[in-house]
Amino acid sequence: MATNTPDQKPEPVSISPLLKRLAYPATGIPVAADEIASAFALIFEDRLSIIQTAALLTLLHSTGKDRQADVIAKCSERMREAASQTDKAVLKKVLEKRARKEGNYKGGVCDIVGTGGDGHSTFNISTTSSIIASPLLVMAKHGNRAQTSFSGAADVLNAIIPTPPNLFAINASNLAKIYEATNYAFLFAPNFHPGMMYANPVRRGLGLRTIFNLMGPLANPLDWALEARVVGVAYQSLGPVFADALRQNGTKKALVVCGEEDLDEISCAGKTNCWKLSEYPNPAYDRSKDDSSGDEDSPSPTLVKLETFQLHPSDFGLPTHPLSDVYGRKMPKDNAAKLMSILRNELPRDDPILDFVLINVAALLVTSGICEADTSNMGPGDDGKVITERGPGGGRWKEGVRRARWALESGEALKSFEQFIEASNKL
């Protein structure tokens, strides 16, 4: 049997039978999520022709299957499998040294990300929020250049002056070196998902939203190490779908959010719909019989539940601001300057964008479990007065804001980001 040399293109695979079943559902043979995911994985191996790649993406979109939880879960799993892999043993050792366990936060990696495509072009909220959270949580911010907005996460970070982080140097082989220096890392998607190069020309040529537009929040290459995440979706019907997809992928701590304006962040203008995944003890689990036998049929010690509720800026102790006050329809250099002004604590306390950022940082802190601590010793500037008041979903949202303000006003968020810039430029 012939084998491919490094210079040869892999043998193509035809998925015509699958495409016919997607195109003509009247054949009566249902298409399973596993089948779609297997075909999807061929894209990353460059084993699917451009025509069949375009047909698959288009049919998934037209049939609505790319908005089904099981399809999203399975395809994102295959995308992560195709990603460049880190040395888990090495990275785990470094992350354990970084871990700051507090409350119900076990010191694991966290992320805050949105699907994009909401059409509001607000400021780079999730990117800024990820940096502010980093003094308290170990952050692995997964992001890319702008796809649907004026200024994507990578665009704004590359525009930092005088010295931007070297995002292009960070990859799976040297990521541990970043975490040796700081709690913050930005995982530039093209560096970790090389197989995407085979899909990008098709995506650009099609000019329509495909399943790839939903993959980003679920394709973090450190998914195996993620303890908690906040995921923003661009329209309401995606909320329960994403929550279910996350649950199917084994996620135990997550908050899926969608502002009532169809905003992929927690809105500063009014209500936000939320779908929360959290762990709780399994009543069927008998700890006295835990003999670590590895029996796959034995019950898990914890289960995951889904709660739905709404959040409002007032739940965070903050006022509302119209979205027109937080638009980010500017060049990356303008948004980068604003980001640095926030990190340097130069904005007045009632600045609309600052409030917008704070509520999103607070949501991540609450989701991580760190706000469940009844004592507080964050460092200089922390008065130690924990806010125990609970709001919708049982979250200590005001305590999240208190901790987020400390990260900014103490200078620890800026310090964490500067350490990241320095470490990335040493690679």
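This is a predicted model: local features need pLDDT of at least 70, side-chain atom pairs count only at pLDDT 80 or more; totals for chains, interfaces and linings use all residues.
Domain 1 covers residues 15-82, while domain 2 is made of two stretches, 88-286 and 298-426.

## Where the domains meet

Let's look at the interface between them. On one side, 24 residues of domain 1 take part, and they are in contact with 25 residues of domain 2. The size of an interface is often given as the accessible area lost when the parts come together. Here the two domains bury about 2,200 Å² between them, and 76% of that area is on carbon and sulfur atoms. Three residues stand out on the domain 1 side: Ile72, Met79 and Arg80 supply 28% of the area that domain 1 buries against domain 2, more than any other three residues.

There is also a charged link to find. Across the interface of domain 1 and domain 2 there is 1 salt bridge. Arg80 forms a salt bridge with Asp223, with 3.7 Å between the closest N and O atoms.

## A cavity inside

The model has 1 cavity of 30 Å³ or more, and the space in the largest cavity is about 40 Å³.

The largest share comes from β1, which supplies 3 residues.

Conventions:
Residues are numbered from 1 along each chain as its sequence is written. Side-chain values use heavy atoms; hydrogens and water are left out. On a 1 Å grid over the protein atoms alone, a cavity is a set of points where a 1.4 Å probe fits but cannot get out, and a pocket is an open set with protein on both sides within 12 Å along at least five of seven lines; lining residues have an atom within 4 Å of a point. Grid points are joined across faces, edges and corners, and a volume is the space filled by probe spheres set on the points. Helices (H or I, at least four residues) and strands (E, at least two) are DSSP runs, numbered from the N terminus. Domain bounds come from an automatic or database domain assignment. Contact means heavy atoms within 4.5 Å. Buried area is the accessible area (1.4 Å probe) that two parts lose on being put together, summed over both. A salt bridge is a side-chain nitrogen of Lys or Arg within 4 Å of a carboxyl oxygen of Asp or Glu.
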